[in-house]
Amino acid sequence: MKKKTGLISEQMSAQRKRLVLLGGMSLALGAAIVGQAALLAESVEKIFVQRASFSSVAVILGILLAVMAARTLLSYGNGRIGLRMAASAKTDMRAALLRKLTRASMPAALRGQTGGKVSVALDAVDEADSYFSQYMPRMMEAAVIPILILVVVFTQHMNSGFIMLVTAPFIPIFMILVGLKTKNKSEEKFAQLAEFSGTFLDSLQGLVSLKLFGRARQHEQEIERSSIGYRDATMDILRIAFTNTFMLESIVMLGIGIVALELALQLLIFKSLSFHTAFLILLLAPEFYSLLKNTGTAFHSGRTSMGAIGKVEEMLAGTRDEGAVNPRREDGGITDGISGADRMITANKPGSDDMSLTRMPPIIELRDVRFRYAPDSFELAVGNISFGPGKHIAIVGKSGSGKTTLMHLIAGLLKPSSGEVLVNGTPLMHYDEDSWFGHVSYITQHPYIFAGTFADNIAIGAGRAVSRDDVVQAAAAAGLAAVASELEHGYDTLVGEGGRGLSGGEKQRLALARAFLKRPAVILFDEPTVGLDLQTERVLQQSIALLASKATMITVAHRLYTIRNADNIMFMGDGTLLGCGRHEELLDCLPEYAEMVDAHRKGGFA
Ligand SMILES: Nc1ncnc2c1ncn2[C@@H]1O[C@H](COP(=O)(O)OP(=O)(O)OP(=O)(O)O)[C@@H](O)[C@H]1O
């Protein structure tokens with residue numbers, strides 16, 4: 001048998017008690033099978049050979065019935081244990097996947113196709129079922145019962161024992177040969193399924209863009225291609241399964257035939273065997289072979305499952321990220337804009353000093369921070385800088401210069417490759433993630449709107465139960481009161497997926513409303529690049545100013561108004577900090593900055 005994968009070994013040790021129970025029940029099942037055959041042989045001999053009266057065999061028949069009932073119960077029990085093991089294993093695997101996905105760093109979380117990940121989390125985990133529900137119970141039975149039967153047959157008739165011993169290995173040998181091929185095919189099938197799901201979801205999400213660019217037909221063909229790939233991989237596995245069954249049946253028939261022939265010769269020609277013994281062995285031989293054959297079928301599904309489990313392991317390993325070191329769960333973090341998967345960066349190291357987080361708004365310092373998304377990719381490098389409590393920092397620079405990356409590093413959403421971000425003098429990575437994110441709000445340009453009511457979407461920002469009054473107040477502060485009153489069911493209108501859509505400006509104000517409920521000490525603000533109407537712009541500016549009055553605010557700034565009013569402007573150029581200071585200072589000493597401001601005034605700022 002192939003070396004078990006890490007996940008399987010983990011499950012085996014976690015479910016050791018059930019495995020021991022399975023072993024015990026298999027032994028009892030073996031005893032019931034042998035007992036049933038012995039009692040049947042005894043009663044047939046008594047009734048048909050010795051012509052004994054029915055009453056004299058009634059007791060034996062009664063015991064036989066009881067043993068048959070026990071055998072059925074034991075088989076059922078083994079099945080139940082297998083199902084329980086499968087249920088726990090699947091729950092554990094899904095939980096592990098979810099944990100990995102939610103703790104992955106932003107770069108790791110963004111890697112790969114969403115549809116592919118969903119397919120692994122749902123389909124591949126489901127496919128793992130048969131390893132525990134079929135393969136394990138059958139393997140356990142195969143490890144115990146055939147040996148028991150062989151011992152009994154050897155004690156009764158050596159020749160038959162030898163025939164069974166010699167023919168039996170053909171079944172596992174064949175199983176191993178087929179199994180090796182099945183596992184590879186199964187991995188291929190899951191790779192195809194993940195690709196199919198990924199392509200399908202991607203195309204579905206970008207349907208409008210695809211139509212606009214006249215690429216819908218091409219994507220349709222792409223979906224067709226990957227669905228055919230998946231179908232072919234499934235058919236290959238089925239082909240192997242059918243060939244497997246046919247070959248196993250043939251081996252079993254041949255084995256039983258040889259044993260029967262040998263028994264007939266000994267019984268009728270050489271007369272060296274009693275009817276009772278011959279009949280007992282004839283009853284045990286099919287049990288012996290069919291057990292091995294069932295093991296063969298279970299082996300096939302077990303190998304398919306192992307392929308699926310391999311995919312799950314691959315995903316668990318794949319989402320593991322050098323930058324993500326957080327061992328803890330997070331669910332109440334930053335209120336807006338980024339999904340749970342994007343948040344997991346800070347670490348909770350022993351001895352962390354969460355006390356200093358009570359000094360809010362905090363002092364934020366950067367010490368020789370460097371960061372790369374991947375080797376040989378864009379590199380960000382920032383020297384030593386410090387921002388006092390409650391300062392407003394604007395990060396500016398041309399597109400792709402690293403503004404968002406820098407903000408994510410300051411927020412702890414990305415872990416520096418070298419250097420440190422200090423909050424109140426303590427490295428950010430030393431804080432408990434929940435405590436830190438409990439003080440932070442992130443208002444992105446495209447906040448995530450969950451499927452739910454308008455009120456629910458605002459309330460989620462608080463991270464605790466809040467009253468409708470609180471929600472209404474937060475909405476008003478964010479300039480959303482008029483929007484809510486225009487909605488069909490007011491605050492109870494369904495928004496997000498499957499509900500009413502919201503405009504870009506409305507979404508950003510909703511993010512603001514979430515932040516108002518939270519009252520963060522650190523605000524990360526990704527200023528809209530697209531021009532909002534004057535009214536919306538003013539509401540946003542006023543609300544942000546109100547929110548930021550008692551907070552440190554870090555803005556990826558595009559508006560001259562915001563830049564000019566910032567306490568510190570970080571001017572980025574191709575991943576390096578070209579200058580840091582107030583507007584007037586940078587105007588005097590940094591020609592690139594003056595050029596940018598000039599271009600902005602003329603309306604050509606990019
Ligand atoms: N997840 C990622 N993986 C790899 N590279 C990335 C990733 N995100 C951003 N980059 C690269 O890092 C560089 C800086 O990106 P960043 O988003 O920080 O720029 P920006 O200044 O905020 O740009 P913009 O103003 O256009 O939003 C870019 O070259 C970008 O392609």
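**View 1. The crossing of helix 17 and helix 18 is left-handed.** A crossing is called left-handed if the near helix is turned anticlockwise from the far one by less than a right angle, and right-handed if it is turned clockwise. The model is predicted, so that local features need a pLDDT of at least 70 and side-chain atom pairs count only at pLDDT 80 or more, while totals for chains, interfaces and linings use all residues. Residues are numbered from 1 along each chain as its sequence is written. Helix 17 (residues 504-518) and helix 18 (residues 534-547) pack at about 15 degrees, with axes 11 Å apart; axes are lines fitted to C-alpha atoms, for helices over the stretch in contact, and angles run from 0 to 180 degrees between N-to-C directions. Helices (H or I, at least four residues) and strands (E, at least two) are DSSP runs, numbered from the N terminus. Helix 17 and helix 18 are therefore roughly parallel to each other, given that angles under 35 degrees count as roughly parallel, over 145 as roughly antiparallel, 65 to 115 as roughly perpendicular and the rest as oblique. Gly-505, Gln-508, Arg-509, Leu-512, Ala-515 and Phe-516 of helix 17 make the contact with Thr-536, Val-539, Leu-540, Ser-543, Ile-544 and Leu-547 of helix 18, where contact requires C-beta atoms, placed from the backbone, to lie within 7 Å. By class, this contact has seven nonpolar, four polar and one charged residues; Ala, Val, Leu, Ile, Met, Phe, Trp, Tyr, Cys and Pro count as nonpolar, Asp, Glu, Lys and Arg as charged, and the others, Gly among them, as polar.

**View 2. Helix 2 passes helix 3 in a left-handed crossing.** The axes of helix 2 (residues 16-49) and helix 3 come within 8 Å and cross at roughly 155 degrees, and helix 2 and helix 3 are therefore roughly antiparallel to each other. The residues of their contact divide into 21 nonpolar, eight polar and five charged.

**View 3. Helix 3 (residues 54-103) packs with helix 6 (residues 129-156) at an angle of about 140 degrees, their axes being 7 Å apart.** That angle makes helix 3 oblique to helix 6, and the crossing of the two is right-handed. Residues in this contact include Asn-78, Gly-79 and Ile-81 of helix 3, and Asp-129, Phe-132 and Ser-133 of helix 6. The residues of the contact divide into eight nonpolar, five polar and three charged.

**View 4. The shell around the ligand divides into four nonpolar, eight polar and one charged residues.** Of the 13 residues around the ligand, Tyr-373, Ser-399, Lys-403, Thr-404 and Thr-405 come nearest, a residue being near if its C-beta atom, placed from the backbone, lies within 6 Å. Helix 4 (106-110) and helix 12 (403-411) each supply at least two residues of this shell, and the largest share, three residues, comes from helix 12.

Conventions: Two residues are in contact if their C-beta atoms, placed from the backbone, lie within 7 Å.
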